[in-house]
Every structure is written in C-alpha cells, then in structure tokens.
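The following briefing concerns one protein model and is arranged by topic. Please consult the sequence and structure shown here.

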Amino acid sequence: MACAPRVEVVALYESLSRRRAAEGAPRPEAAAVVDQIRATSTAVAAFAVGVREIRPAETPDEARAWKARDPDLLLAGELEAVRIPGFDLGNSPVEFLARGEALEGARLAMTTTNGMRALRAAEALSPTVYAFSLLNVSATAEALARAALPQGAVVVVCAGTEGDLSQDDLFAAGALLDRLAGWGFALEGDP
C-alpha cells in the first residue's frame, strides 16, 4: 500500500533552521508560507493586478541594493508596520489593488518585518515556495497537491509576528490543511 502525501506545519518560520538540522528531516517537494496580515495577502493582491515577480528581501538595504543593480525594480514593504521611506509601495493589498493596471508587468523587491523573511527561510528548505493567504488558499492547495502527489511531502510555514505565534496565520494554515485533507494528505508531526 502506498503512503499518503504528507504535510507538516511549522508554526513559526524561525524554527525552520531547527527543522533543517533535524537528522533525517525530508526535503519537501514544496512549501507554502502565510503571513495573513499581511505580506502574503499583499503578494496575492499584487499578482492579481499583474505584478510579474516579487523578490523577497530580508532587509530594506538588501532591496535597495537589488534596485541599484536593476533600476526597473519597484521597492515595496514595511518595517515594524510602517511604510519604508523612499519605497514605491507599502505592504497593503488595498494599495496594490488601487494601483491596478499601473502595476501590470512590474517586478518588485519587497521586504517586510515577518512575511518576506519567512519566504526567504522557506526558500532554503524547498525548491518550490508559494505565498498564500485566505485569498488564494484553494489554488495553493491544488498547487501543493500537484507538487507532492502521489506520496511526497509539503510544509506549511507561518510567519508569526516578531517571534510569536499569530492566530491569523494559524487560522489560514488550518484552512489550507482542510483543503489538503481533501487531496488525501496526512498531517505529520506533533498535533
């Protein structure tokens, strides 16, 4: 009998380094990162209006350095919930939706206090990383299922808020787990 595809939840992205160091930790086929309020919701809105690429930067200085090498990049993000001075965009889905077609085809370097850092941490874990929120949870479940079926593994990573669990991220992760259960995934690890 074949094994079911597996899903593991990492409640705080900072613990990914401990997971990678664990002996025998399997490399998942894909990872999905949520920072519901609000980096990944903003990313989903950005892609919805036609943004072509988002490069997650760990710091504002890293984003600025990328823009120095590639002047066509737009800078987006926040630090401690405050828009970064000199950046083209903040970290609000509403702002991206309001700009609409003006962002079609745009490429962004984006940095945030939690979400973009979580995406970068997940990139070290898996070759394929998705940003998700409640806005695209069903599409994310389908993409993860396609990556992991028939018997692979995926990881769901919550960004949290400055090192603490975030109820909104956990709620979104639960919604994703519910959809993955419909694809036959089994939950791995401690409940």
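Asn136 lies in the loop between β7 and α6 (137–148); helices (H or I, at least four residues) and strands (E, at least two) are DSSP runs, numbered from the N terminus. The model is predicted: local features need pLDDT of at least 70 and side-chain atom pairs count only at pLDDT 80 or more, whereas totals for chains, interfaces and linings use all residues. Residues are numbered from 1 along each chain as its sequence is written, and side-chain values use heavy atoms, with hydrogens and water left out.

**Surroundings of Asn136**
- Asn136 is buried, with a relative accessible area of 17%; buried means under 20%, exposed over 50%, and partly exposed in between (1.4 Å probe, protein chains only).
- A polar atom of the Asn136 side chain lies 3.2 Å from the backbone oxygen of Ala131.
- Leaving aside residues up to four places away in sequence, Asn136 touches Val44 and Ala131, contact being heavy atoms within 4.5 Å.

**Helix α2**
- Eight of the 10 residues of α2 are buried, so this helix is largely enclosed by the rest of the structure.
- Among the buried residues of α2 are Ala39, Thr40, Val44 and Ala46.
- The cover over these buried residues includes β2, β3, α4 (93–99), β6, α5 and β7 (129–132).
- Gly50, which follows α2, has a positive phi near 105°.

**Sheet**
- An open sheet of four strands has the order β3-β6-β4-β5, with mixed pairing; two strands pair if DSSP finds at least two bridges between them.
- β3 (53–57) and β5 (82–83) stand at the edges with a single partner strand each, so one side of each has no neighbour in the sheet.
- Strand β4 (residues 74–79) and β5 run antiparallel and are joined by two bridges.
- Leu79 stands opposite Val82 in β5.
- α2 packs on the sheet, touching β3 and β6, and its direction makes about 160° with that of β3; axes are lines fitted to C-alpha atoms, for helices over the stretch in contact, and angles run from 0 to 180 degrees between N-to-C directions.
- α5 also packs on the sheet, touching β3, β4 and β6, at about 90° to the direction of β3.

**Nonpolar cores**
- The largest nonpolar core has 28 residues, of which Leu16, Val51, Ile54, Phe96, Leu103, Leu108 and Val157 touch the most other members; such a core is a set of buried Ala, Val, Leu, Ile, Met, Phe, Trp, Tyr and Cys residues joined through side-chain atoms within 4.5 Å.
- Elements giving two or more residues to this core include α2 (39–48) and α5 (115–123), and α5 gives the most, with five residues.
- A second, separate core of 19 residues includes Ala141, Ala145, Val156 and Leu180.

How values were computed:
Polar contact = N/O pair within 3.5 Å; in protein donor to acceptor, adjacent residues only side chain to side chain.
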